[in-house]
Structures are given as structure tokens and as C-alpha cells.
Amino acid sequence: MSATPLDGFVPWPPEFAARYRERGYWNGDNIYRSLARGAQAHPERIAIVCAQRRWSYAEFDRRARRFAAGLRRIGVGPRDRVLLQLPNIGEHYLACHALFLLGALPVFALPAHRRAEIGYFVGHTQARACVIADREGGFDYRAMIREVRAEHDCLSDVIVIGEAEEFHSFDDLLDEPLQGDGPDAGEVAFLQLSGGSTGVPKLIPRTHDDYLYSVRESARICGLDGGTVYLCALPAAHNFPMSSPGALGVFHAGGCVVLARQNDPESCFALIQRERVTLTALVPALALAWLESRVRSRYDLSSLDCVQIGGAHLAGEVARRVPDAFGCRLQQVFGMAEGLVNYTRAGDSDELTLGTQGLPISADDEIRIVDDEDVEVAPGAVGHLLTRGPYTIRGYYRAESHNARAFTADGFYRTGDRVRRLPGGHLIVEGRAKDLVNRGGEKIAAEEVEGYLLAHPAVFDAALVAMPDRWLGEKSCAFVALREPAQATARELAQFLRERGIAGYKVPDRIEFLAALPRTAVGKIDKKALRARFDAPAAAPAVPVAASASSYSSSFAQATP
Ligand code: OOB
């Protein structure tokens, strides 16, 4: 690694880095080189299927090097941040690998993000370029980027896939292939989004060394090989479909990634049948939609070996239906973009597969389960999960004061999850202490949405809590106290939030007005009391936000049956 680490990146202490290298976890490879090796070894194999396009490993590598050359021509270089916001299309992987080759850092945004989030990512990372689609799902990303650029002049280059208008067209940046084999493996490879902590979204710096280790081991644990055909049904930029084992695991193993642009049951079943898909990764909400789908029996899903489910709590009764319904194995995955990933293993008993969230990837994943005072709980008891290891970050990007709270003094990451551990090491997620709503796998930081609500002049107090939902697992409910009764309606508040340019999934599914929010003895809003209102529905009349995001859709789980 060059003498000075990237500004805002917290490296592992040297003795840990030395140990991780010694044990072969960090092997000095970078993510681009891993792909290039595949292109050398089996150039003709199909790497990516996207709609009617099929790219071989050789073509994939060549296109990535061509795009890297084009990016370099417009001035993108090592350590530059480049925001990536693309739907599930092959160009997503091309752009990633082109940036990896250059040593530039993709900043992963989700297609659902809007002006508020994108503006924040661009400003916080001082991104110099972005790669976007022209339009998707009726939304014009160019128009949004124009607004973002008006506020952030760091963003000098905009690259558009499709109709570029005044911006660079992706196709015009496919120059003669760039030679080279990418950066030092100790460099930060990209900035990933945190699944929600407090306040503004946090960015996660992952190095080539640490990430590739988790990818290689995930591919091994999940038994991937050249015959693996993986359906990417979740947003491709999310950590789960990217690396657990996800597309990178598949590229590492020489298999094929099939991109689903839509993840409704019918589109995906058709792809599974056509491409003979063997593996896919779902959030529980999507798994449920697929299970409930009436069209399932019309498709031949017999190629499936395994369906992975993770990202949010999987109910036991849903887990039990998976093997029969899809004629394949279920694998539970409990992971986080910050690092630690757990898998149930192929040889696990039904009891472990159905009832636990698996074992960590690495023998060097250190797990501590503690009480509120950071004291380890008795074996088998529920506590806060803390973790440290060869692919778990030591700090968020440019977030010094937050890092002091999110990590212990000796470098353990406070996951915010409450778990217990079985004698064999399998973890069971029992709940969470962090203040977020896990809406079908999409994480919503309560504080962030509360901040937007409090910006409304009529709002005196606001609290966002999770409410149970049959399809998404959780939906969001905002409890609001107004300065004067009836000064604003739920519909007006939802509209106000949308106008602030936040992702649709963050707009509360329901807004309820209270004269005052309940407080705890120390004066904090009593969210437990607010959540308890959902246990007694008669006491809490529902006031859904009319015409808001209150349909069951989210980009993680687009459709109900
Ligand atoms: C994955 O990553 P993120 O960063 O979007 O969210 C992480 C959080 C975890 O801390 C936990 O609260 C929740 O999502 N979670 C689960 C879970 N898997 C994740 N909660 C209950 N059961 C599970 N199986 O969501 C992610 C990253 C890599 C692989 C898989 C999921």
C-alpha cells in the first residue's frame, strides 16, 4: 500500500494486518486481477447474462478495460471516488471492474436513492464522477443529477448509460483497452452503504484484501464452481448479492451471473427456467412473495440447488416452506456490509438450517456477546453482538465521532444486533438494539427520517418505529406531535418528505398523530411504548398514509404475489 492510507480510512492495527496476511486471508490479490485471471483461464465461458446479452469472461474483461481507458481519458484516477447508481444491468459490473482496475473507488448507491441521499454521498465523498442510467422505472436520473451538481461542483463528469443528453455517453468511453493489473491489495476498493446506523447514512471502506478474502471463502462455503448459475434478483450494489457469495463469488469461481432487472416472481421464475439457475439470494419478503406466487407451478425451477435468504428476520414458518416449494436447499445468511457474514452450512441439520442464521465465515471472526455494560453474557444467553476480524472494518469512512461509539476501544464493531450462540457456534438473531426499521431488507435509520419530519414547521416532535407487516416483515410508522392540532395532515407530511428528495422506501408507511410522544424517565422518547401500540391494535387505530409508499413494494421485494 502506498505510504499514506486513504484519508478517512481507519486501517487495521499492524499486528492484526500481519496476522491476517500470515494466515493467508489477505493474499495480496485485487478484485480486478481476480476477474482477469478468470478471463485468462476460461475466456469463452459466459460470465454475465443481462436481458438478451451474454458476455463471455474475455468480453467482460475487455469491456471493463475499455471503459477504464475511457474513464482515465476524462481524468478519473487512483483513489478518486465515483458514485455508481445503476439498475441490475451488466454495465454495473463493468463499471465496478473498470474502477477497480484504475484504483478509483465506486461509491455504491441504490436505484431507490434520490436527491437527498445522492447529494449527501457526493458531498461526503467529494465524488468527481458518477455513472447512472438515463431512466429506470419512470424516473429520470439525469434530472436528479443536474440538481445534485448544482450543489456539488466536485462532480465534474456524469456518465450515462442510454440517452446521455449533455453528459458523457457510456458507449463513447469505450476506448482501446487499458493495460495494467490494478492497485495494491491494501488499498480501499470501494465505499459501501451501511445498512443503517444513526443519523446520516454511513459509508463503509472495504479493501481489496479484506473483501476478496470474504468472497473466496464465501464461494468455497457455498460450494460454487464453474457450473454455478447465479440469479441476481436483489439490487446488484448491495453487499449480499455482491459478495455473499454473490456476483463476485461467482466470477471468482468461473460461473455465470444472470441479472434480473425486475424481481417479481414471474420475471425471476422465467429466468430460472431459461438459464437453468442453480443459486439465488433473497430477502425474506421476496422469498415470501415467490412462495405465495400462483404462477410458480407453471415454471421449471428444478435447476435450483440452493436459495439463500438473509438481510432480515426469516420467520420459521416461511423457512420451512422453502425446500419443498423450490425443490432445493435453504441457506440462511446473516451478514452486514461492515463485514461479518454467517452462513448455515450444507451439512447442517434441519434444525440448524431452519432455526439459526449460521456460522461466521472465518476462524478469526471474533464474536463477543455482551450486556449493556459490555460484559460478556453467560453462554447461550442473548446479548449485543460485537465482532472483529479479517474482513470487518475498523471504522466508517470520514466519521470520527461516530466511530468512537460504533466501535469498542479494542476495535470490535458494535453490530446493533441482539443474538445468542448455540454451543456449536451457530448464531440466532433475536432482535436488535439499533434504532432502525428493516423494511423487507431495506434499512431505514429512524433518526434520519425523524430529522426530515422535524424540518416541517408544523412538527413539534417525531419518532419513527417499526410496525409488523405480513409481507415486508416490518414497515415504518411515524408518530408525530404537532405544534398546533390539525396543522398538517399525514398526506401533507408524506408529500413534504418526498419533496425533500428522499428514497421512497423511507417515506413512512403510516403517520399517526399524538398530542405528545411518550417519554422515558430520563426524557427520551419511549419507542418501546410506541411499538407496543401495535400489539394492541384496538388501542391504536390505523391511519395509513394515503397514496404514499404504503404499497408492499420496495426495490428489495418489488411485488407481492
Ligand atoms: C445485509 O447487510 P446490511 O448492511 O444491509 O444490513 C445488516 C443488518 C444486520 O446488522 C442485521 O440487523 C440485519 O441487517 N440482518 C439480519 C439478517 N441479515 C442481516 N437480521 C436478521 N436475520 C438475518 N439473516 O443485510 C447483508 C449483508 C451480507 C449478507 C447478507 C445480508
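**Figure 1. An open antiparallel sheet of 4 strands, in the order β19-β20-β21-β22.** The edge positions belong to β19 (366–370) and β22 (427–432); each has a single partner strand, so one side of each is left without a neighbour in the sheet. From one strand to the next, the twist averages 45°, where axes are lines fitted to C-alpha atoms and angles run from 0 to 180 degrees between N-to-C directions. β19 pairs with strand β20 (residues 383–388) over 5 bridges in the antiparallel sense, and R368 stands opposite L386 in β20. Strands are DSSP runs of E with at least two residues, helices are runs of H or I with at least four, and both are numbered from the N terminus. Two strands count as paired if DSSP finds at least two bridges between them. The model is predicted: local features need pLDDT of at least 70, side-chain atom pairs count only at pLDDT 80 or more, and totals for chains, interfaces and linings use all residues. Residues are numbered from 1 along each chain as its sequence is written, and side-chain values use heavy atoms, with hydrogens and water left out.

**Figure 2. An open mixed sheet of 3 strands, in the order β25-β26-β27.** β25 (459–469) and β27 (510–513) stand at the edges with a single partner strand each, so one side of each is left without a neighbour in the sheet. Neighbouring strands are turned by 25° against each other on average, direction ignored. β25 and strand β26 (residues 473–482) run antiparallel and are joined by 10 bridges. Within this pair, V465 stands opposite C477 in β26. C477 has a relative accessible area of 0% and is buried, a term that means under 20% relative accessible area, with exposed over 50% and partly exposed in between (1.4 Å probe, protein chains only).

**Figure 3. The parallel pair β3 and β4, with its crossover helix.** Strand β3 (residues 81–85) pairs with β4 in the parallel sense over 4 bridges, and L83 stands opposite V107 in β4. From β3 the chain passes through helix α4 (residues 90–102) to β4 in a right-handed β-α-β crossover; right-handed denotes a path from the first strand over the helix to the second that runs clockwise with the strands pointing away from the viewer. In a regular strand, side chains alternate between the two faces of the sheet. Strand β4 (residues 105–108) is covered on both faces, with L105 and V107 buried on one side and P106 and F108 buried on the other.

**Figure 4. Helix α9 and the residue that follows it.** Of the 8 residues of α9 (residues 246–253), 7 are buried, so the helix is largely enclosed by the rest of the structure. The buried residues are G246, A247, L248, G249, V250, F251 and A253. After α9 comes G254, whose phi is positive, near 80°.

**Figure 5. Surroundings of the ligand.** The ligand is surrounded by 20 residues, of which the closest are H238, V333, D417, K434 and K443; a residue is near a molecule if one of its heavy atoms lies within 4 Å of it. A backbone N or O atom of V333 lies 2.8 Å from a ligand nitrogen atom, and a backbone N or O atom of G311 lies 3.0 Å from a ligand nitrogen atom. For A337, a backbone N or O atom lies 3.0 Å from an oxygen atom of the ligand.

**Figure 6. The cysteine C154.** The sulfur of C154 is 10.0 Å from the closest cysteine sulfur, that of C130, which is too far for a bond. C154 counts as buried, at 16% relative accessibility. A search of the whole structure finds 0 disulfides, a disulfide being a pair of cysteine sulfur atoms within 2.5 Å.

Terms used:
A polar contact is a pair of N or O atoms within 3.5 Å; within protein, one must be able to donate a hydrogen and the other to accept it, and residues adjacent in sequence count only if both atoms are side-chain atoms.
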